[in-house]
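Q: Hi, I'm new to this one. Could you put it up and walk me through it?

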Amino acid sequence: MINFAIVGLGNIGKRHAGHILNNRGARLAAVCDIDPRVQQHLPGATPFYTSLENMLARPDIDVVNICTPNYLHAPHTLSALYAGYHAVVEKPMALSTEECDLMIAAGRDTGKMIFAVKQNRYNPPVQAVKQLIDEQRLGKIFMIQVNCFWNRSAAYYAGSPWRGKKATDGGCLFTQFSHFVDILYYLNGDISSVSGMIDNFSHQDNTEFEDSGVFCMKAKNGALINFTFSTCAFQKNMEGSITILAEKGTVKIGGQYLNTIDYQCIQDMELPQINISAKENDYGLYKGSMSNHDQVVQNVIDVLENKAKMMTTAGDGRQVVGIIERMYAHAQG
């Protein structure tokens, strides 16, 4: 039995709590949030704290799930590690590679593990294409097109004071679209060069950063990449897709959340038709990426109890943050 604690019981923290409570190999040992009203969302017997320091003094914790706003991921992870616990860190791992390096060093110093949450890696279409690439069934990858066309309304930004602020949120690539940067990295590796443009078309009143961007990149394996994103889609999320053109095949992972195989033409084979329509994270006012946090929790248990392979390492999380940093550094406003 692995004992989990959660810091931050907002939308994503509640999802973590639900999956921990529903996993027979897990126990929810404690929860911390600065707002005592969120305690109503927990079973009555769950110990609740408004002080992280007090919660981390408990002896019955193995893992702390960091589900707080972006800018708190690094300090809360460091607190958990130095208190003697492993850490599960929601996306983005941090808001800079410098913070990531501090976290990784703390894990090394304490002998504790950092699990970076990138739940879209578990999407069946992503896994199917990952296997194709790992088995070299696509041959050399020539081009990749990433499209992220979502909606974020004024109500979304009004819902939490940290959203939309550069120092606490970081920007669309950190908050909305870091999963797509991660899947790009997961499937095709790191990038070698980047240029792009960003603009804020319809969120000037509630954000300090862009709501749209277009980037041209070159991967270290030579593939050309076009990465286009926006939170200006009218009224609802429309598309989250990655299309790969390669020597021995073309395939598009599509849908709104990388949840379908939209088309394919692959030499000497065909992937099964995959269309998963009921697993997106639904937060009422908005919807997010696929809800695979049950598999995130299970992976933590498998790693700690059975020495299984970690799905997303701290090094992976740092790489994604590094790519985002380079994208912003080479963007013209």
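**Helices, strands and sheets**

Q: Which residues in H8 meet which ones in H10?
A: From H8, Ser178, Val181, Asp182 and Tyr185 meet Asp316, Gln319, Val320, Ile323, Ile324 and Met327 in H10. Contact here means heavy atoms within 4.5 Å. Helices (H or I, at least four residues) and strands (E, at least two) are DSSP runs, numbered from the N terminus.

Q: How do the residues of that contact divide by class?
A: The contact of H8 with H10 has six nonpolar, two polar and two charged residues. Ala, Val, Leu, Ile, Met, Phe, Trp, Tyr, Cys and Pro count as nonpolar, Asp, Glu, Lys and Arg as charged, and the others, Gly among them, as polar.

Q: Before we go on, what should I know about the model itself?
A: This is a predicted model, where local features need pLDDT of at least 70 and side-chain atom pairs count only at pLDDT 80 or more, while totals for chains, interfaces and linings use all residues. Residues are numbered from 1 along each chain as its sequence is written, and side-chain values use heavy atoms, with hydrogens and water left out.

Q: Okay, back to the helices. At what angle do H8 and H10 pack?
A: Helix H8, residues 178-188, packs against helix H10, residues 314-329, at an angle of about 110°, and their axes are 9 Å apart. Axes are lines fitted to C-alpha atoms, for helices over the stretch in contact, and angles run from 0 to 180 degrees between N-to-C directions. H8 and H10 are therefore roughly perpendicular to each other. Angles under 35 degrees count as roughly parallel, over 145 as roughly antiparallel, 65 to 115 as roughly perpendicular and the rest as oblique.

Q: Is the crossing of H8 and H10 left-handed or right-handed?
A: The crossing of H8 and H10 is right-handed. That is the word if the near helix is turned clockwise from the far one by less than a right angle, and left-handed is the word if anticlockwise.

Q: And how do H1 and H9 cross?
A: Helix H1 (residues 11-21) and helix H9 (residues 293-306) have axes that come within 9 Å and cross at roughly 60°. That makes H1 oblique to H9. The crossing of H1 and H9 is right-handed.

Q: What meets what there?
A: Ile12, Arg15, His16, His19 and Ile20 in H1 meet His293, Asp294 and Val297 in H9. By class, that contact of H1 with H9 has three nonpolar, three polar and two charged residues.

Q: Let's switch to sheets. What is the order of the six strands in the open sheet?
A: The order is S3-S2-S1-S4-S5-S6, and the pairing is parallel. Two strands pair if DSSP finds at least two bridges between them. S3 and strand S6 (114-116) are the edge strands, each pairing on one side only. Strand S1 (residues 2-7) is joined to S2 by six bridges, and Ile6 stands opposite Val31 in S2.

Q: What about S5, is it buried or exposed?
A: In strand S5 (residues 86-89), His86 and Val88 on one side and Ala87 and Val89 on the other are all buried, and both faces are covered. Buried means under 20% relative accessible area, exposed over 50%, and partly exposed in between (1.4 Å probe, protein chains only). S5 also pairs with strand S4 (residues 63-66) in the parallel sense over four bridges, and Val64 stands opposite Ala87.

Q: And the sheet of eight strands, what order does that one have?
A: That open sheet has the order S13-S12-S11-S7-S10-S9-S8-S16, with mixed pairing. S13 and strand S16 (331-332) stand at the edges with a single partner strand each, so one side of each is left without a neighbour in the sheet.

Q: How enclosed is S10?
A: Five of the seven residues of strand S10 (residues 224-230) are buried, so S10 is largely enclosed by the rest of the structure. S7 and S10 pair in the parallel sense over seven bridges, with Cys148 opposite Phe229. Strand S9 (residues 212-219) pairs with S10 in the antiparallel sense, over seven bridges. S9 and S10 form a hairpin with four residues between them, and Gly222 in the turn has a positive phi of about 95°.

Q: Last one: where is Gly44 found?
A: Gly44 is in the loop between strand S2 (26-32) and strand S3 (48-49). Gly44 is exposed, with a relative accessible area of 80%.
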